[in-house]
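I opened the notebook to record what I looked up, entry by entry. The sequence and the structure come first, and my notes follow.

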Amino acid sequence: FLSLMVGCLRMTRVHALDNDAFDKPVAELESMMRRLAKLLGAVHVVVVEDQVYLNDVRVRLDSRSDTVAELRRQLAHHGAGGLSFHEAMSEEEIRIFVRLLSGPAGDPPRVALAQAMQAKGVTRCSC
């Protein structure tokens, strides 16, 4: 889940979100969200220093991966320490979410991100 989410964020550096290159990663992320929502209900992602937690479980990623660092950078850019997914998002919501999270921060950052998500109809996620 985390690798898929960070992969989508990284892709925004190269491709526009309406590019066909996003179709498969977004579909995979949506499918993973549905599976996690069925298993866990709400999904909380929290980054603390160099560690990431999915709900109450520390996620151990390959030490060569910079997934945690990338996620921490993106969240810190928006003044957030984590995200909560209250239910699975649709593919369209994921595209909007990725666009907002990979985009510029507002002022104040976390509040601006939360307001932008609400304004764009991304209500299944909060920061």
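How many bridges join strand 2 to strand 3 (residues 57-59), and in which sense do the two strands run? I am working from a predicted model, and in it I found three bridges between strand 2 and strand 3, which run antiparallel.

Entry on strands 2 and 3. I looked up the bridge partner of Val52 and found Val59 in strand 3. The two strands form a hairpin with two residues between them, and I noted that Asn55 in the turn has a positive phi of about 55 degrees. I then checked the faces of strand 2 (residues 51-54): Val52 and Leu54 make up the covered face, whereas Gln51 and Tyr53 lie on the uncovered one.

Entry on strands 1 and 2. Strand 1 pairs with strand 2 in the antiparallel sense over four bridges, and within that pairing I found Val46 opposite Tyr53. This hairpin has two residues between its strands, and here Glu49 takes a positive phi near 55 degrees.

Entry on strand 4. I followed strand 1 (residues 43-48) to strand 4, to which it is joined by four bridges in an antiparallel run, and Val46 stands opposite Gly82 there. Strand 4 also pairs with strand 5 (residues 125-126), again in the antiparallel sense and over two bridges, with Phe85 opposite Cys125.

Entry on helices 4 and 5. I looked up how helix 4 (residues 91-102) lies against helix 5 (residues 109-119), and their axes come within 10 Å and cross at roughly 155 degrees. Angles over 145 degrees count as roughly antiparallel, so helix 4 is roughly antiparallel to helix 5. The crossing is right-handed. In the contact, Phe97, Leu100 and Leu101 of helix 4 meet Leu113, Ala116 and Met117 of helix 5, which by class gives six nonpolar, no polar and no charged residues.

Entry on Thr12. I placed Thr12 in the loop between helix 1 (2-11) and helix 2 (23-40).

How values were computed
Residues numbered from 1 in each chain as written. Predicted model: local features only at pLDDT ≥ 70, side-chain atom pairs only at ≥ 80, totals over all residues. Heavy atoms only, no water. Pairing = 2+ DSSP bridges. Axes fitted to C-alpha atoms, helices over the stretch in contact; angles between N-to-C directions. Parallel < 35°, antiparallel > 145°, perpendicular 65-115°, else oblique. Left-handed = near helix turned anticlockwise from the far one by under 90°. Contact = heavy atoms within 4.5 Å. Nonpolar A, V, L, I, M, F, W, Y, C, P; charged D, E, K, R; others polar. Buried < 20%, exposed > 50% of the residue type's maximum accessible area, 1.4 Å probe, protein only.
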